[in-house]
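Open your viewer and keep the sequence panel beside it. We will go from one selection to the next, with a short note at each stop.

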Amino acid sequence: MIIKKTFNESEEIVVSKKELRTFVLDCLEKVRCPISHAQQLADILICSDYRGHYSHGINRLHIYVNDVSTGATSVEGEPILIKQKGATAWVDGNNLLGPVVGNYCMRLAVQKAKEHGIGWVVAKNSNHFGIAGWYAEIAVKHGFVVCY
């Protein structure tokens with residue numbers, strides 16, 4: 001991971017993914033975010049930067065930290081399955097961090113796709129969930145999307 005500073009154009013600071021992850025987890029711990037939720041957010045923020053989607057990476061950390069510290073985003077609880085039928089499901093994200101809701105929905109969509117050939121899951125009461133490619137990659141890993 002390379003983070004460029006504007007102090008001197010020839011200067012670059014290299015931060016390992018491990019150090020960056022520790023920093024993100026420490027920030028979220030300070031605002032009492034559960035470790036399982038913090039880890040999910042850290043994974044997607046670091047992945048975003050690593051893929052070059054800087055608009056959805058670590059530069060958004062302060063927004064997430066502020067939203068959690070002010071109570072605009074909840075950290076208590078888990079997403080709840082409201083209704084499901086066949087290949088479809090509706091989830092209440094309980095105003096949790098978007099990656100927590102997004103990952104829950106993708107796990108459910110994969111489960112439904114294994115059973116029905118397709119999984120269609122929607123959520124309400126969620127927040128910014130990061131790069132959409134993160135969730136598509138989950139489907140790819142399970143063989144439900146083929147990339148050519």
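## Stop 1: a salt bridge

A search of the whole structure turns up one salt bridge, meaning a side-chain nitrogen of Lys or Arg within 4 Å of a carboxyl oxygen of Asp or Glu. Select Arg21 and Asp43: they form a salt bridge, and their closest N and O atoms are 2.3 Å apart. The pair ties together distant parts of the chain, with Arg21 in helix 1 (residues 17-30) and Asp43 in helix 2, 22 residues apart. Helices (H or I, at least four residues) and strands (E, at least two) are DSSP runs, numbered from the N terminus.

How open to solvent are the two partners? Arg21 is partly exposed, with a relative accessible area of 25%, and Asp43 is partly exposed too, at 32%. Here, buried means under 20% relative accessible area, exposed over 50%, and partly exposed in between (1.4 Å probe, protein chains only).

A word on the model before moving on. This is a predicted model, in which local features need pLDDT of at least 70 and side-chain atom pairs count only at pLDDT 80 or more, while totals for chains, interfaces and linings use all residues. Residues are numbered from 1 along each chain as its sequence is written, and side-chain values use heavy atoms, with hydrogens and water left out.

## Stop 2: the whole chain

Zoom out and colour by secondary structure. The protein chain has five helices and five strands, which follow the pattern β-β-α-α-α-β-β-α-β-α along the sequence. Along its principal axes, the C-alpha trace spans about 55 × 40 × 20 Å. Buried residues make up 38% of the 148 residues.

Now colour residues 17-70 and 80-141 separately: the domain assignment gives these as domain 1 and domain 2, respectively. Such bounds come from an automatic or database domain assignment. The C-alpha centres of the two domains lie 20 Å apart, and 14 residues of domain 1 are in contact with 14 residues of domain 2. Contact means heavy atoms within 4.5 Å.

## Stop 3: the face of helix 5

Select residues 132-141, which are helix 5; its buried residues are Trp134, Tyr135, Ile138 and Ala139. Look down the helix axis: these buried residues fall within an arc of 145 degrees, so they line one face of the helix. The arc is that of the directions from the helix axis to the C-beta atoms. What does this face pack against? Show helix 2 (35-50) and helix 4 (98-116), the packing partners of the buried residues of helix 5. Just after helix 5, Gly143 takes a positive phi of about 80 degrees.

## Stop 4: a buried lysine

Move to helix 4 and pick Lys112. Lys112 is buried yet has no salt bridge; the nearest side chain of opposite charge, Glu115, is 5.7 Å away. For charge, Lys and Arg count as positive and Asp and Glu as negative, while His and the chain ends are not counted.

What does the side chain of Lys112 reach instead? Show the backbone oxygen of Gly86, at 3.1 Å from this side chain. This is a polar contact: a pair of N or O atoms within 3.5 Å, where within protein one must be able to donate a hydrogen and the other to accept it, and residues adjacent in sequence count only if both atoms are side-chain atoms. Leaving aside residues up to four places away in sequence, Lys112 touches several others, including Gln84, Ala87, Thr88 and Ile118.

## Stop 5

Find the loop between strand 4 (88-92) and helix 4, where Asn94 sits. Asn95 is found in this loop as well. Most residues other than glycine have a negative phi. Asn94, however, has a positive phi near 55 degrees, and Asn95 has a positive phi of about 60 degrees. Asn94 is partly exposed at 25%, as is Asn95 at 27%.

The C-alpha atoms of Lys124 and Asn94 are separated by 8.0 Å, though the residues are 30 apart along the chain. Lys124 touches Asn94, and also Ile82, Trp90, Val91, Asp92 and Gly93, not counting residues up to four places away in sequence.

Finish with Thr73, in the loop between helix 3 (61-70) and strand 3 (80-85). Is Thr73 buried or exposed? At 4% relative accessibility, Thr73 counts as buried. Among the residues that Thr73 touches, not counting those up to four places away in sequence, are Asn95, Leu96 and Asn127.
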